[in-house]
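Here are a few exercises to work through with the model open beside you. Try each task before you read its solution.

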Amino acid sequence: MKPAPFVHHSPRTLDEAVAALAEVGHDGKVLAGGQSLIPVLNMRLAQPAHLVDINRVAGLDTVTVTDTHVRVGATVRHAELEKHDEAYAVLPLLRQALLCVAHPAIRNRGTTVGSIAHADAAGEMPSVLVLTDGVVEVVGPRGRREVPASAFFEGPLQTVLEADELVEAVRFARFPNGTRTAFLESARRSGDYAVAGVGVAVDVSTDSGKPVVTGARAAYVSVTDVPVVVDLTEAVAGKPSSSSWAGVDELVQASIAPEADIHASSEYRRMLAAELTRRALTQATTGGTA
């Protein structure tokens with residue numbers, strides 16, 4: 001199938017993009033990478049009368065690394081961020097997660113900000129944003145506002161964005177020194193949506209020359225309606241990196257409520273999420289494969 005007819009808008013400035021969205025309102029959609037939007041249009045699950053294409057808007061294609069965050073503009077492709085060495089050096093979790101996003105061809109065109117704005121529960125980057133206590137920079141006809149990641153997602157494919165607003169950039173906050181990360185997921189085939197996935201951030205200190213975990217948290221893919229952070233500290237604190245992580249399974253399974261579908265039962269997803277969490281904790285603390 002092909003999309004229903006629509007009017008294509010190609011603004012050259014952010015002000016022009018905002019003005020176009022303000023004019024078309026609920027009849028408009030923002031187009032950046034299009035890797036989520038175009039399939040929806042082709043299947044006619046959505047039929048907007050207007051597409052506001054922001055690919056030619058100057059200034060949205062940059063990655064900026066500061067002492068506190070990594071800022072990613074709205075038209076930065078997954079592949080660009082994945083290969084950004086400065087971003088990887090200060091926040092390895094970005095590359096760890098991006099390598100799990102679909103196929104290279106998708107990452108070459110799809111945008112990290114677009115994935116977050118799409119708010120798919122099976123998307124990797126929304127979970128990374130909440131795990132890093134990120135911020136969404138929103139712009140609209142009423143001006144700019146910043147929305148904490150924890151308040152941005154309202155449900156599957158639902159955010160706090162108004163119809164005449166767009167996401168200019170997102171900021172992934174940098175972790176404190178000593179934080180180690182990992183991102184793992186399980187899919188039926190390489191590049192498929194994950195049956196379950198997890199990103200972890202583990203705080204490690206040294207006790208008598210040996211690494212000891214002082215805290216940990218995780219965010220999940222495909223097992224929660226909106227990305228949430230689960231505090232794992234009570235199950236892992238004080239344990240060496242070689243621990244078997246006893247107690248993690250119970251904590252994880254009590255914190256998520258996955259739905260069943262044709263790919264997996266809710267019980268299997270819950271079990272898989274717990275198993276992936278233990279593997280990710282091991283990978284993060286040892287630096288090896290789980």
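**Exercise 1.** Find the backbone nitrogen that lies 3.0 Å from a polar atom of the side chain of T111.

*Solution.* Step one: go to the loop between α6 (104–109) and α7 (112–118), where T111 is found. Helices here are DSSP runs of H or I, at least four residues, and strands are runs of E, at least two, numbered from the N terminus. Step three: check the surroundings. T111 has a relative accessible area of 4%, so it is buried (under 20%; exposed is over 50% and partly exposed in between, with a 1.4 Å probe and protein chains only). Leaving out residues up to four places away in sequence, T111 touches A32, G33, A74, T75, V76, R77 and H78, where contact means heavy atoms within 4.5 Å.

A word on the ground rules: this is a predicted model, where local features need pLDDT of at least 70 and side-chain atom pairs count only at pLDDT 80 or more, while totals for chains, interfaces and linings use all residues. Residues are numbered from 1 along each chain as its sequence is written, and side-chain values use heavy atoms, with hydrogens and water left out.

**Exercise 2.** Work out which residues of helix α11 (residues 248–255) are buried and where they sit around its axis.

*Solution.* Start with the list: V248, L251 and V252 are buried. Now look down the axis of α11: these residues fall within an arc of 95°, so they line one face of the helix (the arc is that of the directions from the helix axis to the C-beta atoms). Finally, see what covers the buried residues: β13 (210–221), β14 (229–231), α10 (233–236) and α12 (266–286) are included.

**Exercise 3.** Describe how α11 and α12 cross.

*Solution.* First, the geometry: the two axes come within 9 Å and cross at roughly 130°. Axes are lines fitted to C-alpha atoms, for helices over the stretch in contact, and angles run from 0 to 180 degrees between N-to-C directions. Next, the contact itself: α11 brings V248, D249, V252 and Q253, while the residues from α12 include R270, M271 and L281.

Note on methods: Polar contact = N/O pair within 3.5 Å; in protein donor to acceptor, adjacent residues only side chain to side chain.
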